[in-house]
Amino acid sequence: MINRKFLAPLLTGIMTVGLLAGCSANKANNAVNSEESSPTATAQAAEQVVNVYSARSYDVDALLYEKFTTETGIKVNIIDGKAEELIERLKREGESSQADLFLTVDGGVLNNAKQAGLLQPVTSDIIDQNVPKELRDPENEWIGLSTRARVIVYSKDRIKPEQLSTYEDLISPAWKGKILVRPSSSLYNQSLLSSFIELNGEAKAEEWSKGLVENLARTPEGNDRDQAKAIVAGVGDVALMNTYYVGLLLNSDDPEEVKVGQSVGVFFPNQETTGTHVNISGVGLTKNSKNKENALKLIEFLTGKEAQTMVTNENYEFPVNAAAELPELLKSWGTFKAQKIDFNTLGIHNAKAIEIMNKTGWK
Ligand code: FE
């Protein structure tokens, strides 16, 4: 059983939506909030818990925590929020923080938490075996839980994969009025542009952002899934999207979404050049963790074969553990060449990426 916690008044304003929307099944019943009164601490002393500040809100996450609790008897308390807000909260709470783990998407964000001194190294042979070195922080202050590729998704009716090649090609005149992408406020897009800054330099990245804006089919709006829906509605022909959203559309309860998933193809760009942009979702042990052993057990569980197989079969992300069994859909996409960059650089270039997006009119 997962215990979700409704937040102290101080934070209610910023996190209510994520909490309610991201919460799939559970009623809040066990307080973990350090800003709340003492019965919580007493109750927690009597039971095994691990407290997670999470910026991930996929349905599979709740299933994983439930399974962990069933197997270990350790309760998982989740506090949902946006990554930046959770980082600010960890800073503010300091030593009194009840958080044991910080879980988020994006290598840049994981690096921000590390640089702010909010995490501590994890030592575990099991984790080292489960997760290859390149998907962990060099000091083991964060551990990858899944990877995600940001690709070109295209209309199967109107576009042949042979017409597609690279991210850079999307700014050629042939694509004028045909490209869909969500707003620049999305970290997914910021990190995509950060990767171009890292690989090609600022000037090239700016040229690309400017060209992309000129070729857009509409002012950016909606989330990744909405871009696929707009392709099917005929608004544009290609979209920049994370691959797992195609998996989620294909396996949706909504028949209209299934149709959208069936109407689009996945293309991995830059296979002859710099590789497809890949980002990471990961977890770090907090500096002031009070339930360190339980937190380690949860990281070991989340990176294990069984949990990793669930992540890829339920959420269609790529597993970090090579022993995980892939779903047929991912097998059908085949293997691909990924960008070879340090995930931490996505955070280092984030401010510059946002500056370029603003300058080039990426709404
Ligand atoms: Fe996502």
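Glutamate 325 is partly exposed, with a relative accessible area of 47%; partly exposed means between buried, under 20%, and exposed, over 50%, using a 1.4 Å probe and protein chains only. Its side chain meets that of lysine 305 in a salt bridge, 3.3 Å from N to O. By salt bridge I mean a side-chain nitrogen of Lys or Arg within 4 Å of a carboxyl oxygen of Asp or Glu. The pair links distant parts of the chain, 20 residues apart: lysine 305 is in helix 13 (residues 305–315), and glutamate 325 is in the loop between strand 11 (318–319) and helix 14 (328–333). Helices (H or I, at least four residues) and strands (E, at least two) are DSSP runs, numbered from the N terminus. Lysine 305 is partly exposed as well, at 41%.

This is a predicted model, where local features need pLDDT of at least 70 and side-chain atom pairs count only at pLDDT 80 or more, while totals for chains, interfaces and linings use all residues. Residues are numbered from 1 along each chain as its sequence is written, and side-chain values use heavy atoms, with hydrogens and water left out.

The salt bridge count comes to 23. Another of them joins aspartate 137 and lysine 114 at 2.8 Å, N to O. Aspartate 137 lies in the loop between helix 6 (125–130) and strand 6, and lysine 114 in helix 5 (residues 107–115), so the pair ties together parts 23 residues apart in sequence. Aspartate 137 counts as buried, at 2% relative accessibility, and lysine 114 is buried at 14%. There is also a network of salt bridges linking Arg56, Asp61, Arg148 and Glu317.

Now the pockets. A pocket is an open set of points on a 1 Å grid over the protein atoms alone, where a 1.4 Å probe fits, with protein on both sides within 12 Å along at least five of seven lines; lining residues have an atom within 4 Å of a point. Of its 50 lining residues, the closest to the centre are Ala55, Ser57, Tyr58, Tyr188 and Tyr245.

Where does the largest pocket lie? Domain 1 (49–147 + 279–326) and domain 2 (148–276 + 343–360) both give residues to its lining, so the pocket lies between them. Those bounds come from an automatic or database domain assignment. Helix 4 (residues 83–93) gives the most to this lining, with five residues.
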